[in-house]
Amino acid sequence: MSMCSALLTRRVAGRRSRVWFGVPPALVHIRSASVAEPGTRRSNEEQLWEAAGYLPFSRAKIGSFFQETPVLKNPFLEDALLRGYLRRHLPQEAAFSDLCAFGERVANEVDGWGRECEVTPPRLVHFDPWGRRVDHIVTSPAWKRMKDLSAQEGLVAIGYERSFGEWSRVYQMSKLYIFSPSSGLYTCPLAMTDGAAKVIQSIGLSWPVDEAYSRLTTRQPERFWTSGQWMTERQGGSDVASGTETVAVPQTDGSYKLHGFKWFTSATDADMALTLARVQDRTGATTPGSRGLSLFYGEVSRDEGGRLKGIEVQRLKDKLGTRQMPTAELLLDGLPAHRLSEEGKGVASIANMLTITRIHNSISAAAAMRRVVQLARDYATRRTAFGKLLKDHPLHMQTLARMEVETRGAFLLVMEVCRLLGREESGMATQLDAHLLRLLTPVAKLYTGKQAVAVVSEGLESFGGQGYIEDTGLPGLLRDAQVLSIWEGTTNVLSLDVLRSVARSSGMVLHAYFTHAKSLLAGASNVSPLAPAVKAVNGALSELEDFVQIAATRATGYLELAARDLAYSLARIYTGALLIDHACWKGASSSDTYAALRWCEHDLCPVATKQARGCYDLSTAPLDAALVYDRPIQG
């Protein structure tokens, strides 16, 4: 019997599971006896009532009922869609056994570490007891265990070992999908580590980054490095071209020293970082705009006195969520660095990094949805309201089903991008695959990031008041989800990136999109239960094609106003096609079919719906501004 089968059998027989966040099982207990407090005397009548068990509030005064907590079970075994998807595309027993064992470890061990990271956030120690500047970022022991675990489990390495060929990225991201909600946000440094490894690999493994690449992709905890990504400055955000002020001063040995201020550096306790800067010429002048930006590699190290070399940590950011992870403002004051890109080619060099980190962001979004649904459905079997369990209230089940459909759609959309990345990295990608990867990466990131906030918020509501109580751990899921629509490009920034991909490919990314979406539907043409879904997606594709033709005749500003709704339409239609395709394979379940049907109840092409209402008429732009800045009439 395989490890996965054995665990499944054991779980069915013994219902073995860990109580969520390490809270012991709640027991319904009615006090039937009580010891009087010193100096008090209880009447004979009270003693008789106590002995009979009729004073449940006696002494404790908190009543007899305690609500059972939701239980986190093995997230691999509990996810029918994940297991079905892998059975279809990656049926190797080695992958199943590893994911099954890892899921058990996540539920029984790692989830507790994640909670420890949340309640013991990082802190900054500027000075040692004798007044020396040290800038130590102190993290919890659990955060350090996450680093060792990440190496041991190959959470970055899997993507570069490529043991499963073109499906290696799907395997890696499936593992991160299981890990993410329990990781204490350690998936963020892993995303940047993966992105840095990808950039170094694409540039070439030569000195001095060959050793760094080896450390970023190792499974040996004692050698494993994480990487930071230090791009954002006070003026910056996504607009690095005009917002980067950091300068690189050439040294006689061919290296550089960086001087500047980084306003937002995630995972600041990393071992190295990639960053953008402008090379100074002999007169101290730099080139403005993106043409002046180059990509640099720097290691985070300390001198013999324990002081950071060329770095001062100004402060840690006080954030809404992701409190587990140190995010800081850094002054770079002579940081030793090496230029990785050609001079002035920094922005182009980080394109691969953005692809990787946006995929990681999308995985975290889908994983957050899955986790809150798993906990909510377990809770529905334990919570009684109005005389019956929540699972027996049809309206509650309808709400959870809607969350489940969104979660399934997000998962398949993200895994499609992972599949395309794997094909590209294994040398198997067609031109159509390459176009799809370019288009779908920002689409998946922006759509899943927004939906994660909505689904997790709905999920908290399913726990009632307990969903709002900090020590249940539930509010942290929502706080952490909010970053997903912000980091690596906001929804609007990514929507405009979708337009850039269309323009720079002369429309070929859309041609690839329509071609592949239609091919996904072709397999369902004779599957009668899916007919309403196929009809809905085909109709939406036709509407989208009509919109594109009309938009091509309009002024540039027209498409910009439509960009967000266009991106949503691309996501919903393609996801519908993926759900239909998955419902057609031989191992599909009736739930797979039902999920596809329910998804296609969406407005799949909101850009066409709003176009028909005149929402993108350029005359609306000044009206929007006037509405936002409306002021009361004086006098």
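**Cavity, pocket, salt bridges, strands**

Trainee: Which atoms do side-chain values use?
Mentor: This is a predicted model: local features need pLDDT of at least 70, side-chain atom pairs count only at pLDDT 80 or more, and totals for chains, interfaces and linings use all residues. Residues are numbered from 1 along each chain as its sequence is written, and, with hydrogens and water left out, side-chain values use heavy atoms.

Trainee: What volume does the largest cavity have?
Mentor: On a 1 Å grid over the protein atoms alone, a cavity is a set of points where a 1.4 Å probe fits but cannot get out; a lining residue has an atom within 4 Å of a point. Points join across faces, edges and corners, and the volume is the space filled by probe spheres set on them. The count is one cavity of 30 Å³ or more. The largest cavity has a volume of about 50 Å³.

Trainee: Which element gives the most to that lining?
Mentor: Helices (H or I, at least four residues) and strands (E, at least two) are DSSP runs, numbered from the N terminus. The lining includes Asp 79, Tyr 177 and Arg 370. Two elements give two or more residues, α7 (168–179) and α12 (351–379). With four residues, the top contributor is α12.

Trainee: Which domains each supply at least three residues to the lining of the second largest pocket?
Mentor: A pocket is an open set with protein on both sides within 12 Å along at least five of seven lines. This one has a volume of about 420 Å³. Of its 22 lining residues, those closest to the centre are Ile 137, Thr 268, Asp 269, Ala 270 and Asp 271. By an automatic or database assignment, the domains are domain 1 (80–222) and domain 2 (227–349).

Trainee: Are Glu 118 and Arg 479 buried or exposed?
Mentor: Their salt bridge has its closest N and O atoms 2.5 Å apart. Glu 118 is in helix α4 and Arg 479 in helix α15 (residues 474–482), 361 residues apart. Buried means under 20% relative accessible area, exposed over 50%, partly exposed in between (1.4 Å probe, protein chains only). Both Glu 118 and Arg 479 are buried.

Trainee: What is the bridge partner of Pro 250 in β7?
Mentor: Two strands pair if DSSP finds at least two bridges between them. Four bridges join β6 (residues 247–250) to β7 (residues 256–266), which run antiparallel. The partner of Pro 250 is Tyr 256.

Trainee: And in β8, what is the bridge partner of Ala 248?
Mentor: β6 and β8 (residues 272–279) run parallel, joined by two bridges. The partner of Ala 248 is Val 279.

Terms used: A salt bridge is a side-chain nitrogen of Lys or Arg within 4 Å of a carboxyl oxygen of Asp or Glu.
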